[in-house]
Amino acid sequence: MDQSLTQRLDQPLRQKGKHRGRSRGKQQIAPRQTPQETQEQQTSPADIPVPEPRPTDAPKADAAPVEEQKSVGPKASDASNQLNEEKARQAKQAHPEPSARESSTREPSTETESEPESPAEVPIPTRRPDTAEPEVQPPAVAPQPPEKPAEGGDEKMLPDPRSADRPGEKMPAGEVACRDRLKSLGVEFEEHGAESNPEIGCSIPYPLVLKSLGKSIAIAPGTELNCPMAEAAARFAADVVQPEAKAEFGADLKSISQASAFVCRPRHGTRKLSEHAFGNALDIASFTLSDGRKVEVGPTPPEGDAKFLNAVRKAACGPFKTVLGPGADADHALHFHLDLEPRRHGGTFCQ
């Protein structure tokens with residue numbers, strides 16, 4: 001390719017005869033140098049080292065081959081100069097400027113170095129969890145209304161010293177003497193096992209079950225009482241009820257129907273234990289006479305019955321410490337309540 005280009009440039013400079021041979025002779029004096037030889041001469045250690053031009057000085061490198069060619073040999077003719085310039089231009093086109101090429105390979109721009117490389121795979125963001133609220137399902141069981149608060153009687157009872165009473169290995173002398181008095185009054189009774197309920201506080205260490213209140217006065221149904229209360233009921237029947245029945249009706253007392261004796265419970269609507277919880281109370285619902293007459297306790301008894309009932313009720317206040325009946329409250333509208341609850345100064349409560 002170099003040869004064809006040289007011929008084209010030489011065509012307008014051809015001369016006949018001696019001039020043509022002279023130009024060839026001059027070409028032998030200054031041999032043609034390829035761009036590679038020019039570059040080797042430029043970087044040869046025998047020559048004076050030329051500092052590598054900065055990228056901004058790149059245009060000055062274009063003149064380097066021309067100056068080196070001038071320093072290699074003597075001055076040539078115009079044709080030789082044109083030939084050398086053409087060769088330099090061809091070499092420049094064939095090989096880019098070394099300074100620009102080196103600067104592009106050895107000194108990359110800071111923008112390229114600082115720019116982070118893109119990852120091979122684009123990370124996929126984690127899928128957000130489903131934040132939609134779950135559909136509210138109806139409860140499997142219908143809600144129940146809150147329970148009503150327990151009544152006063154269901155609460156823990158107030159302490160009572162008698163709740164700690166328990167039977168001993170041997171019956172106390174007082175209990176033995178009480179039983180002897182019952183036998184002398186003609187009372188029929190049976191011994192019963194001790195009653196005790198620590199959770200509530202009920203207690204009768206030596207209870208009795210009465211069958212009768214004397215030789216001719218029965219009591220039913222079976223009445224469980226402590227011995228002092230059994231003795232008080234037997235004496236009351238013989239000393240008060242029997243004479244009043246004879247005076248008012250002209251008949252003897254045959255039996256007494258009781259509504260309640262020992263019952264482990266508190267007083268109605270309170271946290272205090274009832275005297276029934278210690279076998280210390282007796283509720284009388286009616287009296288039966290020897291002629292078959294039955295006198296029932298109630299708010300509006302017949303006139304004859306009312307006189308008898310009022311006399312019995314009034315006479316009970318003394319032998320018993322508490323006496324309640326119709327008119328006292330709704331709980332005692334149909335019976336007489338008699339008990340031996342100890343009171344201050346030996347007093348009584350009769351209503």
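**Notebook: salt bridges, rings and a cis bond**

I began with E341, which is buried, with a relative accessible area of 7%. I kept in mind that this is a predicted model.

**Entry 1: the partner of E341**

I looked up which side chain E341 meets. The side chains of R267 and E341 form a salt bridge, at 2.6 Å from N to O. R267 lies in the loop between β6 (253–260) and β7, and E341 lies in the loop between β10 (336–339) and β11 (349–350), so this pair ties together parts that are 74 residues apart in sequence. R267 counts as partly exposed, at 28% relative accessibility. The buried cut-off is under 20%, so E341 at 7% falls below it. I also followed the links around this pair. R267, K272, E341 and R343 are joined in a network of salt bridges.

**Entry 2: other salt bridges**

How many salt bridges does the structure hold? I found 12 salt bridges listed for the structure. I picked out E231 and R181, whose side chains meet at 2.7 Å, N to O. E231 sits in helix α9 (residues 227–249) and R181 in helix α8 (residues 173–184), so the pair ties together parts that are 50 residues apart in sequence. Is E231 buried or exposed? E231 is buried, and its relative accessible area is 10%. R181 counts as partly exposed, with 34% relative accessibility.

Next I took E248 and K307. Their side chains meet in a salt bridge at 3.9 Å, N to O. The cut-off for a salt bridge is within 4 Å, so 3.9 Å still counts. E248 is partly exposed, with a relative accessible area of 27%. K307 counts as exposed, at 56% relative accessibility.

**Entry 3: aromatic rings**

I turned to the rings. The structure holds 3 aromatic pairs. In one of them, the rings of F287 and F308 have their centres 5.6 Å apart and their planes at 90 degrees, so the pair is edge-to-face. F287 is in strand β7 (residues 281–289) and F308 is in helix α10 (residues 303–316), so I noted a pair that links distant parts of the chain, 21 residues apart. Are F287 and F308 buried or exposed? Both F287 and F308 are buried.

R162 lies over the face of F278, at 4.1 Å from the ring centre.

I moved to strand β5 (residues 218–226), where T223 lies. T223 is buried, with a relative accessible area of 0%. What does T223 touch beyond four places in sequence? T223 touches L208, V209, L210, Q258, A261 and L282. I also looked for a polar partner. The backbone oxygen of P221 lies 2.9 Å from a polar atom of the T223 side chain.

P221 is found in strand β5 too. The bond from A220 to P221 is cis, with omega near -10 degrees. Most peptide bonds are trans.

**Entry 4: F349**

I found F349 in strand β11. F349 is partly exposed, with a relative accessible area of 35%. I listed its contacts, leaving out residues up to four places away in sequence. F349 touches K321, T322, V323, L324 and R343. R343 also belongs to the network with R267, K272 and E341. F349 and G318 are 31 residues apart in sequence and 9.2 Å apart in space, C-alpha to C-alpha.

**Entry 5: confidence**

The mean pLDDT of the chain is 75, and 59% of its residues reach 70 or more. Where does pLDDT stay under 50? One such stretch is residues 99–114, for which the model has 10 contacts beyond four places in sequence. Residues 149–153 also stay under 50, and the model has 6 such contacts for them. Where pLDDT is low, the predicted coordinates should not be read in detail.

Conventions. Residues are numbered from 1 along each chain as its sequence is written. This is a predicted model: local features need pLDDT of at least 70, side-chain atom pairs count only at pLDDT 80 or more; totals for chains, interfaces and linings use all residues. Side-chain values use heavy atoms; hydrogens and water are left out. Rings of Phe, Tyr and Trp (its six-membered ring) pair if their centres lie within 6.5 Å; planes under 30 degrees apart count as stacked, over 60 as edge-to-face and the rest as tilted. Helices (H or I, at least four residues) and strands (E, at least two) are DSSP runs, numbered from the N terminus. Buried means under 20% relative accessible area, exposed over 50%, partly exposed in between (1.4 Å probe, protein chains only). A charge sits over a ring if NZ of Lys or CZ of Arg is within 6 Å of the ring centre and within 35 degrees of the ring normal. pLDDT is the predictor's confidence in each residue, from 0 to 100. Contact means heavy atoms within 4.5 Å. A polar contact is a pair of N or O atoms within 3.5 Å; within protein, one must be able to donate a hydrogen and the other to accept it, and residues adjacent in sequence count only if both atoms are side-chain atoms.
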